[in-house]
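Colleague: I've got a new model open and I'm a bit lost. Can we go through it together, one question at a time?

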There are 2 protein chains.
Amino acid sequence: MQTPWEYRYAHRTQKMGSSVIRELLKLTEQPDIISFAGGLPAPEVFPVAEFREACNRVLDTLGAQALQYSTTEGYTPLREMIARHTARYGIHVNANNIAITSGSQQALDFIGRLFINRGDYIVVESPTYLGALQAWNAYGAQYISVPSDENGMIVDELEKALRIGPKFIYVLPNFQNPSGVTMSLERRQKLVEIADHYGVPIIEDDPYGQLRFEGDHLPSVAVLDSRYRHDNGSYTGNVIYMSTFSKLLAPGLRLAWVIAPEQVIRKIVMTKQAADLHTATFSQIVAHEVAKGGFLDEHVKVIRAVYKERRDVMLETMDEVFPREVRWTRPQGGMFLWGILPEHMDAAEVLKKAVEKKVAFVPGAPFHPTGGGQNTMRINFSYTKPEVIREGITRLGMLLREEVAKNARQKHLYD
Amino acid sequence: MQTPWEYRYAHRTQKMGSSVIRELLKLTEQPDIISFAGGLPAPEVFPVAEFREACNRVLDTLGAQALQYSTTEGYTPLREMIARHTARYGIHVNANNIAITSGSQQALDFIGRLFINRGDYIVVESPTYLGALQAWNAYGAQYISVPSDENGMIVDELEKALRIGPKFIYVLPNFQNPSGVTMSLERRQKLVEIADHYGVPIIEDDPYGQLRFEGDHLPSVAVLDSRYRHDNGSYTGNVIYMSTFSKLLAPGLRLAWVIAPEQVIRKIVMTKQAADLHTATFSQIVAHEVAKGGFLDEHVKVIRAVYKERRDVMLETMDEVFPREVRWTRPQGGMFLWGILPEHMDAAEVLKKAVEKKVAFVPGAPFHPTGGGQNTMRINFSYTKPEVIREGITRLGMLLREEVAKNARQKHLYD
């Protein structure tokens with residue numbers, strides 16, 4: 001039965017498709033499947049007992065405040081904690097440079113609302129984060145892809161892209177989702193220089209920066225930029241930096257933050273007033289209560305140890321069972337690695353067969369907004385327990401050996 | 001110091017102003033002021049002890065789930081509870097007709113995204129809810145105001161408005177924010193008939209419907225419409241109905257819901273995927289844990305009793321101290337009443353003097369998107385304790401007597 005609603009959607013809904021990843025997740029949610037497709041943190045590391053204690057303390061001492069409406073920019077003690085925390089990594093900002101958002105996805109949406117007019121170009125790494133593309137497609141963004149390698153975005157290709165006149169550059173420098181790759185210090189420096197030269201600002205999305213298992217921490221793009229961009233302790237730089245509690249505490253709280261010059265924060269706050277008034281007061285106060293007093297630093301060490309073990313088991317098993325024609329990244333942190341099949345192989349086709357063998361991953365094509373990447377795949381190592389990783393990667397390896405051999409025979413036939 | 005950001009805002013940000021109410025609230029947030037300006041629930045009725053118990057039970061039994069990512073449409077047991085609850089009020093829907101949003105403000109924002117193209121007309125009551133105007137201004141909405149009286153929107157004026165070709169009609173039939181007025185049953189029926197005749201759908205915003213202190217519950221517009229609009233138990237009607245836990249449990253959770261035909265819910269879910277993935281899992285599961293087993297029904301009775309006492313004290317004091325030239329509404333529920341000063345008086349000017357006397361309200365003009373209402377004021381009775389209401393209304397009454405007399409003298413001078 002038809003309703004009057006269906007003739008009344010605004011033109012912007014025509015481009016709106018359901019999330020490719022979400023649809024795939026449905027396929028891979030059968031209980032007997034070993035799924036490397038999701039992007040979920042390990043539930044085993046959620047600090048449930050600490051949350052329980054924090055909820056009790058907050059409701060005993062701040063109950064009425066925690067359940068009431070609150071300010072749009074976010075709970076001030078939480079923003080101050082983020083400012084202190086961020087300063088240790090070299091980003092010197094004050095609480096007025098920080099807005100709390102309902103997850104990083106909301107920060108991406110607000111950036112789209114604030115900056116993207118229909119048809120505007122955005123420079124992205126190729127591959128890049130699918131959630132950002134979803135957020136910005138709704139505003140009619142177009143994309144310029146800059147290729148990346150094992151050191152991140154190939155910055156030498158950036159100047160060509162900037163002369164097209166993009167609105168901003170979007171990068172995920174640490175253990176990128178989807179590729180697991182980290183941008184080298186040299187490239188970060190060059191990125192900041194070129195962006196500054198052309199006057200094009202940068203969005204730095206850093207959900208995983210603290211989840212480094214090995215190697216040295218690299219200064220964030222905002223730090224490289226902000227060295228000479230302060231005004232009485234307030235950040236006035238060329239970079240909007242985003243991070244989240246989803247990977248450090250728990251994604252079910254929907255708590256992330258944006259760091260930007262104050263004038264941008266004011267615009268984000270106005271946007272948020274009209275969009276959802278404020279992020280849940282209770283989530284913010286409880287997260288502050290859990291994180292404060294040094295708990296977060298100790299807890300991050302636990303997460304690093306758990307994820308490192310899982311990554312190690314995954315890489316070891318891949319070394320044993322994957323065919324030598326397949327390549328993959330060896331991330332120094334984060335939650336994902338990236339597989340590259342021989343050219344002309346289609347990862348989406350492989351996924352269909354993988355689901356029959358009860359193992360799943362995400363095909364890489366949707367992470368490439370200007371095409372390509374059909375032979376790539378994103379593999380998550382954070383969610384699944386080590387013994388299950390070994391089993392799942394073994395199944396996937398056997399399938400890949402068959403598929404690679406088949407591909408080689410077919411290729412031979414047409415040679 | 002200028003940054004590259006400020007030249008890069010999208011055209012849609014030019015119309016974005018900071019919330020008038022929020023700016024006024026800042027003025028009235030001095031600690032010694034008696035403020036009837038806000039729209040806050042009474043913190044004394046927040047069920048803090050029940051929240052504490054619910055948090056403990058949820059973290060003991062569902063800890064990993066409550067802290068993890070979850071589905072965009074919302075926690076299924078919560079949606080099923082809302083469906084059962086709603087059925088008791090005559091709206092027969094299933095969980096697929098319901099999406100959870102991060103507060104009603106987010107539902108209003110999504111409705112704007114889905115349905116409003118720049119320049120589209122929306123029919124509103126005059127006065128109407130400011131949060132809806134803020135949400136829809138961002139999408140370039142224009143408004144057609146239909147006047148209202150003590151029985152709500154004057155539906156006889158609606159046909160003229162519908163022939164202009166609006167995208168939808170927006171109404172708050174119960175104890176409207178800002179006016180406190182309830183639309184009569186006869187007008188609700190006529191609204192549904194006329195809207196159906198012209199094929200124009202209705203948004204019914206009902207945050208206060210259950211906060212009725214006296215008189216009989218009136219069927220919602222969705223019920224009147226939905227009598228003959230079901231398809232195998234799924235709602236397929238002409239009305240999108242919204243309500244919220246903000247006034248029943250606690251606004252700090254940011255939990256509201258939208259009821260609509262399944263095709264509209266699917267579009268809202270797609271919008272929410274790109275906007276913030278999902279509403280906080282923890283808030284949803286804890287709210288369900290608090291509300292279930294009949295607690296919500298008992299708790300609503302407590303809220304009604306507290307708010308009724310406050311309304312009664314306010315009305316009694318107004319009867320005593322307000323000058324007879326001022327009129328005001330006598331709401332049967334909700335959180336607000338509406339004052340009407342003599343014509344040519346300016347409530348914003350009165351507010352400035354009121355703040356000097358340490359009492360505050362919200363001037364009514366911003367609730368009129370097509371102009372007018374300079375002589376009106378919104379007065380909240382839910383937040384302030386009875387003895388403080390008496391003191392504040394007495395101060396306001398003294399000021400109004402002075403101002404009304406001054407106005408009469410000036411008017412006399414120019415007669």
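Colleague: What rotation superposes chain A on chain B?

Modeller: Quick background: this is a predicted model, where local features need pLDDT of at least 70, side-chain atom pairs count only at pLDDT 80 or more, and totals for chains, interfaces and linings use all residues. Residues are numbered from 1 along each chain as its sequence is written, while chains are lettered from A and ligands numbered from 1 in the order in which they are written. Copies are superposed by least squares on the C-alpha atoms of residues with pLDDT of at least 70 in both. With 0.0 Å of shift along the axis and an RMSD of 0.0 Å, the rotation that superposes chain A on chain B is 180°.

Colleague: So how are the two copies related?

Modeller: Going by that rotation of 180° with 0.0 Å of shift, the two copies are thus related as by a two-fold rotation axis.

Colleague: Which residue of chain A comes closest to the rotation axis?

Modeller: Here the distance is taken at the C-alpha, and it comes to 3.3 Å. The residue of chain A is Cys55(A).

Colleague: Which element gives the largest share of the side of chain A that touches chain B?

Modeller: Two residues are in contact if their C-beta atoms, placed from the backbone, lie within 7 Å. That way, the contact takes 71 residues from chain A and 72 from chain B. Helices here are DSSP runs (H or I, at least four residues), and strands are E runs of at least two, numbered from the N terminus. With 10 residues, the largest share on chain A's side comes from α2(A).

Colleague: Why do the copies meet through the same surface?

Modeller: Look at which residues of chain A take part, then check for them in chain B. The copies meet through the same surface because the share of chain A's interface residues that are also interface residues in chain B is 100%.

Colleague: How are α4(A) and α5(A) oriented to each other?

Modeller: Axes are lines fitted to C-alpha atoms, for helices over the stretch in contact, with angles from 0 to 180 degrees between N-to-C directions. The axes of α4 (residues 103-115) and α5 (residues 130-137) of chain A are 8 Å apart, at an angle of about 40°. Under 35 degrees counts as roughly parallel, over 145 as roughly antiparallel, 65 to 115 as roughly perpendicular and the rest as oblique. α4(A) and α5(A) are therefore oblique.

Colleague: What separates the centres of domain 1 and domain 2 of chain A?

Modeller: The domain bounds come from an automatic or database domain assignment, which gives domain 1 (4-47 + 297-414) and domain 2 (68-295) of chain A. Taken over C-alpha atoms, their centres are separated by 25 Å.
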